[in-house]
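Have the viewer open and follow along.

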Amino acid sequence: MFEPQTVFGVRLYAARGSVSGPTRLVIGGLHGDEGLFTTPFIERLATAELTAGDAILVPSLVADGRYIGVLSEEYYKSAAGKLLLRLIHRYRPSFYFELHAYGQQSYERLTDPERVHKIGVPHFIELGNGILIGSIAPLLRRRFTSEDFCMTIEIPKWTSEDELVSESVLELLRIALASRDRAALMQTYRARYPTQVKHAEELFNRYYRHFLKPF
Ligand SMILES: [Zn+2]
């Protein structure tokens, strides 16, 4: 059962399973008004049961904070970024998820195959229903080990209340809560979303040249 807690002034839910397993950290609302959109998803995820390991769910890291992109070094020097690093340091998750929300006008930019040439990071892959997946900011990914699993989920703001969107996002995250290790998590994702995950893995491997494991 998830229990509400406040850690470093941040409202979160924490649960521990009856047997050992990975620590998952799921964080929404990293900047701007995204917390308004990520909170309902995380509140619903917090009703799940956890059998193994730990899970920490943060509905909204900041409430309507300043918008600083997480790809920039400036973010990790801001109040929000410092708080994020403190939470990561405290929990040392082996599965880490960032939940973001994007506007319709950003779809082209986020999924642009030229993104890697334009801004130096791979584009996102659409999982379906406008939900985008990819790794996390390279600046942050380097703080995790190769064995860790790090994923960004971008929720479409304009359809975030659609049941199809909620169910897809929750399914992706529930798989992470149910998986006992990285291999099991990857196996389930590859089986459930074969083309999307294959494509995202290819982009990741091209970017990190096999120094890290996706994602
Ligand atoms: Zn964002």
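Start at R92, which sits in the loop between α3 and β5 (95-102). Before going on, two bits of housekeeping. This is a predicted model, where local features need pLDDT of at least 70, side-chain atom pairs count only at pLDDT 80 or more, and totals for chains, interfaces and linings use all residues. Residues are numbered from 1 along each chain as its sequence is written. As for the element names, helices (H or I, at least four residues) and strands (E, at least two) are DSSP runs numbered from the N terminus.

Back to R92: its phi is positive, about 45°, although R92 is not a glycine. Why flag that? Because most residues other than glycine have a negative phi. R92 counts as exposed because 12 other C-beta atoms lie within 10 Å. Here is the scale: with C-beta atoms placed from the backbone, 20 or more others within 10 Å of a residue's own make it buried, 12 or fewer make it exposed, and anything in between is partly exposed.

R92 follows helix α3, so let's step back into that helix. α3 (residues 79-91) has 13 residues and spans 19 Å from its first C-alpha to its last, close to the 18 Å expected at 1.5 Å a residue; the expected span is 1.5 Å times one less than the number of residues. Which residues of α3 are buried? They are A80, G81, L83, L84 and L87. Looking down the axis of α3, these buried residues fall within an arc of 160°, so they line one face of the helix. The arc is taken from the directions running from the helix axis to the C-beta atoms. Over on the other side of α3 you'll find A79, H89 and R90, which are exposed. And what do the buried residues of α3 pack against? Their partners are β2 (10-16), β3 (19-28), β4 (52-58) and α2 (73-77), with contact meaning that two C-beta atoms, placed from the backbone, lie within 7 Å.

Next stop is α7 (residues 163-178), a helix of 16 residues that reaches 22 Å from first C-alpha to last, close to the 22 Å expected at 1.5 Å a residue. Its buried residues are V169, L173, A176 and L177. They cover an arc of only 100° around the axis, which puts them on the same side of α7. E163, L164 and E171 are exposed, on the face turned away from that buried side.

α7 also meets α1 (residues 34-45): the two axes come within 10 Å and cross at roughly 55°. Axes here are lines fitted to C-alpha atoms, for helices over the stretch in contact, and angles run from 0 to 180 degrees between N-to-C directions. α1 and α7 are therefore oblique to each other; under 35 degrees would count as roughly parallel, over 145 as roughly antiparallel, 65 to 115 as roughly perpendicular, and the rest as oblique. On the α1 side, F41, R44 and L45 meet S166, V169, L170 and L173 of α7.

N129, in the loop between β6 (125-128) and β7 (131-134), has a positive phi of about 55° although it is not a glycine. The peptide bond from P214 to F215 is cis, with omega near 10°, and F215 lies in the segment after α9 (194-208).
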